[in-house]
Amino acid sequence: MTAIKHALQRDIFTPNDERLLSIVNVCKAGKKKRNCFLCATVTTERPVQVNVVKVKKSDKGDFYKRQTAWALRDLAVVDAKDAVKENPEFDLHFDKVYKWVASSTVEKNTFISCIWKLNQRYLRKKIDFINVSSQLLEESVPSGENQSVAGGDEEAVDEYQELNAREEQDIEIMMEGCEYAISNAEAFAEKLSRELQVLDGANIQSIMASEKQVNILMKLLDEALKEVDQIELKLSSYEEMLQSVKEQMDQISESNHLIHLSNTNNVKLLSEIEFLVNHMDLAKGHIKALQEGDLTSSRGIEACTNAADALLQCMNVALRPGHDMLHAVKQQQQRFSDLREQFARRLASHLNSVFVQQGHDQSSTLAQHSVELTLPNHHPFHRDLLRYAKLMEWLKNTDYGKYEGLTKNYMDYLSRLYEREIKDFFEVAKIKMTGTTREGKKFATLPRKESAVKQETESLHGSSGKLTGSTSSLNKLSVQSSGNRRSQSSSLLDMGNMSASDLDVADRTKFDKIFEQVLSELEPLCLAEQDFISKFFKLQQHQSISGTTTNEVEEMDGGTLSRSYTSGVPQTISSEKDMIRQMMTKIFRCIEPELNNLIALGDKIDSFNSLYMLVKMSHHVWTAQNVDPASFLSTTLGNVLVTVKRNFDKCISNQMKQMDEVKISKKSKVGILPFVAEFEEFAALAESIFKNAERRGDLDKAYIKLIRAVFVSVEKVANESQKTPRDVVMMENFHHIFATLSRLKISCLEAEKKEAKQKYTDHLQSYVIYSLGQPLEKLNHFFEGVEARVAQGIREEEVSYQLAFNKQELRKVIKEYPGKEVKKGLDNLYKKVDKHLCEEENLLQVVWHSMQDEFIRQYKHFEGLIARCYPGSGITMEFTIQDILDYCSSIAQSH
């Protein structure tokens with residue numbers, strides 16, 4: 001390999017001013033074995049260029065030729081394939097990856113090491129060497145100009161060594177002393193050789209002169225060695241002495257370690273004993289309180305509470321590993337368990353006695369509430385029991401079985417007590433609603449009222465219902481006096497359950513107050529009991545409920561209701577909150593049926609009561625939901641509200657049904673229909689009840705349904721009317737509806753108000769035109785003929801030349817209608833209109849004024865035709881517009 005290297009240097013690189021530093025015999029990986037050489041070279045001129053040159057043997061001879069050259073700065077990665085095992089393969093990453101297989105691993109490693117040194121010396125950009133053994137890569141490259149050129153062998157270093165600054169300076173000084181050094185290099189070299197020989201001789205003489213001094217120095221060294229031997233002997237004796245001392249010190253150290261270990265164990269043992277004594281020792285006072293403490297006095301309860309807490313702390317102490325195996329600990333735990341069981345039995349027995357006693361005490365106070373509409377106050381009992389709240393919490397944590405037993409007993413005793421109180425309370429409410437006495441026969445008047453209503457309802461549905469009779473009862477459907485009708489309650493709106501004489505404003509106000517008082521008494525009772533249960537039984541009451549939604553009562557198709565008015569509670573609700581609801585449901589299980597019975601009674605007394613109940617119940621439900629959407633009170637009132645809403649919808653449906661079934665007399669005029677007046681009363685009452693109410697939307701829906709039913713029924717009655725013209729029925733009733741809606745200003749019925757006004761106006765105009773007809777009939781026929789001739793194409797001024805329409809014929813027709821005859825015809829017309837219209841709505845003057853305007857319009861039309869068709873004839877009517885106004889005014893005043 002050395003011969004090849006010299007040959008390549010001589011033949012290829014020296015002519016190019018390059019020096020060969022390392023060479024490796026390689027072939028391409030995966031191809032036929034065609035060997036070539038990779039050479040690492042540097043240029044002799046500055047700046048130094050470092051290259052990797054591929055050289056291969058020529059095919060025509062034994063000489064080598066340069067094939068490819070890469071600049072070292074273009075080399076990115078050197079991959080040696082394996083840093084541990086010997087592997088001749090390696091990759092060089094230039095513009096692309098070149099894969100090579102070296103003839104030997106040694107040559108590969110030498111070449112890679114040379115590449116690394118050249119990279120460190122000449123390139124700022126560092127090449128990545130991967131899978132290369134760290135031994136091949138030098139730790140650092142020393143700086144300085146005297147560093148040898150990186151190379152793969154010593155021969156390259158010997159051939160070239162760069163001068164440092166000192167050497168360059170010395171050479172320059174020397175060359176300055178010899179001016180001919182540059183021109184005559186041989187003479188300069190000979191001079192240097194002679195000076196070197198002189199220096200060598202001087203060095204030899206100096207060495208020979210110092211021989212004596214060297215001998216003296218050697219003698220001194222021998223003496224020093226002897227002294228060292230003596231010192232070593234002394235050190236050996238000292239070491240033996242120290243060895244015995246070391247053995248003694250080891251024994252002392254071991255003894256101290258045992259003493260320290262014993263002390264440590266004693267400290268730990270004392271700590272464990274103190275832990276057990278401090279945490280598992282119950283004071284004698286606490287033991288006595290648990291065994292004999294007074295559970296009736298406040299001081300005794302406090303002592304028992306403190307003792308129970310102390311016992312619980314002793315039982316729940318976290319024992320360290322191994323403590324539970326100690327006999328004393330087991331005994332103490334058994335003692336604590338016996339104390340807990342004994343005190344739990346005593347506490348449960350005492351609380352059960354308290355529950356029973358409370359039931360007896362409350363029963364004795366029921367007599368004073370038998371007349372008043374109030375519920376007994378349980379606050380004193382709650383206050384007394386809350387003294388045991390901490391003991392109940394202790395019992396819940398230590399003996400859950402007895403805690404559950406107490407809970408069940410409390411629910412049993414209290415449910416019976418509350419059932420008696422609530423039933424008596426609702427009994428008083430029913431008595432106050434109906435006006436009966438407890439001693440008398442409850443609700444004895446109801447059958448009589450029902451039979452009366454039945455008779456009145458039958459008279460309504462009869463084919464010959466008397467519509468012109470007395471107005472003392474609305475069930476007779478009088479159409480003569482709307483004032484009396486509006487002062488009384490409607491039988492159609494009370495669903496035919498009670499007589500109208502009972503349904504006055506005072507009764508409804510009384511019912512509203514009683515119902516409100518019932519709800520106002522029940523609400524604090526339930527909230528107080530729920531709060532007490534939460535505190536006494538240590539249950540979580542006010543827990544944040546995420547995603548809670550309230551599904552209010554919604555009206556479904558066909559008037560049915562979805563019973564979804566229960567607070568939407570998350571599926572993952574706490575068991576404690578569930579327990580509160582279950583306890584409240586059992587304790588107050590009679591509230592919902594009693595409320596439903598009271599609602600049924602109120603609805604039976606007067607269906608208008610459903611309006612009051614809907615508003616009051618909605619308000620109380622809204623209030624309960626603000627406190628706790630998932631509480632028993634909110635859920636119960638929500639369920640009852642469904643019933644109230646259902647009764648309200650039933651009331652509206654029955655009104656619509658009875659409107660559809662109403663019949664009218666064939667012999668008397670209709671006037672203002674009963675259900676129109678009743679809608680006015682219903683709307684006025686509803687507006688006063690639902691003012692600022694939460695459930696205004698339900699009323700608005702009912703308004704829409706009722707007003708549409710009223711419109712349809714008015715149309716139906718008008719079409720069936722035989723005595724009164726259809727236009728009169730429509731005009732009067734829609735005028736009344738428009739006046740009612742204008743007065744009440746119901747925003748949801750604005751469209752219906754406009755429609756009612758339009759219907760009233762249309763039918764007024766239709767009635768006027770129909771009733772007035774053609775008061776000057778022959779004159780009308782004459783001018784109709786004139787207009788027909790003009791329509792056929794005859795000029796207006798030539799119409800008078802027609803034989804049938806000449807001036808003479810016109811004068812004959814006009815003479816048939818003197819002023820006296822006209823006034824007589826208007827008087828008959830006024831009587832006819834008066835006969836058709838009712839007094840309640842007072843539309844006679846409005847209609848008469850419209851007829852007067854229509855008559856004048858016809859008169860002006862005739863005058864216009866005379867002026868156009870008979871110009872200059874001097875023909876005029878025998879009466880004037882002023883005469884018409886005077887006739888109409890005198891007729892109206894005379895009647």
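**Reading loops, rings and charges**

Tutor: Let's start with Pro 47, which sits in the loop between strand E2 (36-43) and strand E3 (50-57). Keep in mind that this is a predicted model.

Student: Is the peptide bond from Arg 46 to Pro 47 cis or trans?

Tutor: Cis: omega for the bond from Arg 46 to Pro 47 is near 0 degrees.

Student: Okay, now the aromatic rings. How many aromatic pairs does a search of the whole structure find?

Tutor: The search turns up 28 aromatic pairs. To describe a pair of aromatic rings, you give the distance of the centres and the angle of the planes. Take Tyr 410 and Phe 532: their centres are 5.9 Å apart, with 40 degrees between the planes, and the pair is tilted.

Student: Which parts does that pair tie together?

Tutor: Tyr 410 belongs to helix H12 (residues 400-434) and Phe 532 to helix H15 (residues 505-536), so the pair ties together parts 122 residues apart in sequence. Both residues are buried. They also belong to a cluster linked by ring pairs, along with Phe 355, Tyr 400, Tyr 403, Phe 536 and Phe 537.

Student: And charges? Which residues form a negative surface patch?

Tutor: Glu 167, Glu 168, Glu 172 and Glu 176. Glu 176 lies in helix H4 (residues 165-177). Exposed means over 50% relative accessible area, so Glu 176, at 61%, counts as exposed.

Student: What is the phi of Lys 745?

Tutor: Lys 745 has a positive phi of about 55 degrees, although it is not a glycine. You'll find Lys 745 in the loop between helix H22 (726-744) and helix H23 (750-772), and at 67% relative accessibility it counts as exposed.

Note on methods
Residues numbered from 1 in each chain as written. Predicted model: local features only at pLDDT ≥ 70, side-chain atom pairs only at ≥ 80, totals over all residues. Heavy atoms only, no water. Patch = residues over 30% accessible without salt bridge, like charges linked within 9 Å, V, L, I, M, F, W, Y side chains within 5 Å. Areas by Shrake-Rupley, 256 points an atom, 1.4 Å probe, with all protein chains shown as cover. Salt bridge = Lys/Arg side-chain N within 4 Å of Asp/Glu carboxyl O. Lys, Arg positive; Asp, Glu negative; His and termini not counted. Charge placed at Lys NZ, Arg CZ, Asp CG, Glu CD. Helix = DSSP H or I, 4+ residues; strand = E, 2+ residues; numbered from the N terminus. Buried < 20%, exposed > 50% of the residue type's maximum accessible area, 1.4 Å probe, protein only. Phe/Tyr/Trp six-rings, centres within 6.5 Å; stacked < 30°, edge-to-face > 60°.
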